[in-house]
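Here are some questions and answers on how the terms used for this model are decided. The structure comes first.

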Amino acid sequence: MRSNEAHPITVEVVRNAIVAYADEMANALCKAAYNMMIYEVRDYCCGLIDVQGRMISQNRGGLPIFLADLGVAVEDGIARWSLDGVKPGDVMIMNHGQTCGQHLNNVVIYCPVFHNGAIVAFTANRAHWVDIGGARIGFGSSATTEIYAEGIQMRSLKIYEQGRRNETLWQIIQDNVRFPDSCLGDLRAQIASCQLGARRYCELLDRYGRATVEACISKIWDQADSAVRQVVEGIRDGVYSAESRLDNDGRNLDKPLRIKVRVEVRGAKLTVDFSEMNPQTQSPINCGRSGGIAAARVAFKCLTSPDLDVNEGCFRALDVVLPDGTMLSARPPAALGLWSIALPTVIDTILKALAPA
């Protein structure tokens, strides 16, 4: 983002516009989706991402645990293809377990946004497909012990390349899911949602120019960061910890799982440390690193900025310590089908740790 100073009124127009675009993406996705996990359960998120993988805006509603976690998928695509390797009309599909940290049913679609011949952003969404292949219908069977039994994995693959559909990849998906009409229908809905968001963002750039819009976004992030840091500064400095338990991992029914967190507050910075979290298990109750970080973000946002719209600035004051090999940062080929089951308890334990403060 450039550091141009933006007029306060323009900042407010842009602030509301970028959230409205994400909301409109979500509405389009719900109206066009084929399965009830999207249009009833609201198991999705939509947003605008900048060319560094940072969250410009995210829709209101959807699942809280998808808080500002679309950027990791886009970052992976940038690392794979580079910005020069992404062209107008490209559409990427992504559900890679290690990168996204979630069960494979949560499929991300993202598209580059081009304006005056230059790539300026990405539009992205995640939506829960009713099936993704694997040994069991649907998701979350406690019988799985590795991710290969949970379905097909796709890592930042171009399902469309410069507007042309990748028929080989399309056929692979169609032949490896149990309900191809539903899943491919959801895929088309996700693509349409991204294309709508791209059109809207380009309209904003046409109106104000790229430099002004990006200056406004930078200002919005700074304002969110300032508001968050004021709250953190109001918490007494110190180290706080708490511990909880899950009954079991769904397979070993007599062995509880330890949920332990350590929270350090220093000035305007808050650190959530998961170093003493239960090791990863042989059941699918694990999640990957991105999932564990999302839990910390949910707790942090509840405490510091529950009324602010989601953007990258909301999380600058948060650090997360998460070593590999815990149930929140499982190493491959760990099963991830029940990735979200532990996260509400993790969030509650973070809040429990800070309760004395």
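Helices (H or I, at least four residues) and strands (E, at least two) are DSSP runs, numbered from the N terminus. This is a predicted model, in which local features need pLDDT of at least 70 and side-chain atom pairs count only at pLDDT 80 or more, while totals for chains, interfaces and linings use all residues. Residues are numbered from 1 along each chain as its sequence is written, and side-chain values use heavy atoms, with hydrogens and water left out.

Q: Which helices each supply at least two residues of the lining of the second largest pocket?
A: Helix H3 (71-81) and H8 do. H8 gives the most, with four residues.

Q: Why is H6 called roughly perpendicular to H7?
A: The axes of H6 (residues 180-208) and H7 (residues 210-233) cross at roughly 110 degrees and come within 7 Å. Angles of 65 to 115 degrees count as roughly perpendicular, so H6 is roughly perpendicular to H7.

Q: What makes the contact between H6 and H7?
A: Tyr-201, Leu-204, Leu-205 and Tyr-208 of H6 and Arg-210, Thr-212, Val-213 and Ile-217 of H7 make it; contact means heavy atoms within 4.5 Å.

Q: How do the residues of the contact of H6 with H7 divide?
A: They divide into six nonpolar, one polar and one charged. Ala, Val, Leu, Ile, Met, Phe, Trp, Tyr, Cys and Pro count as nonpolar, Asp, Glu, Lys and Arg as charged, and the others, Gly among them, as polar.

Terms used: Axes are lines fitted to C-alpha atoms, for helices over the stretch in contact, and angles run from 0 to 180 degrees between N-to-C directions. Angles under 35 degrees count as roughly parallel, over 145 as roughly antiparallel, 65 to 115 as roughly perpendicular and the rest as oblique.
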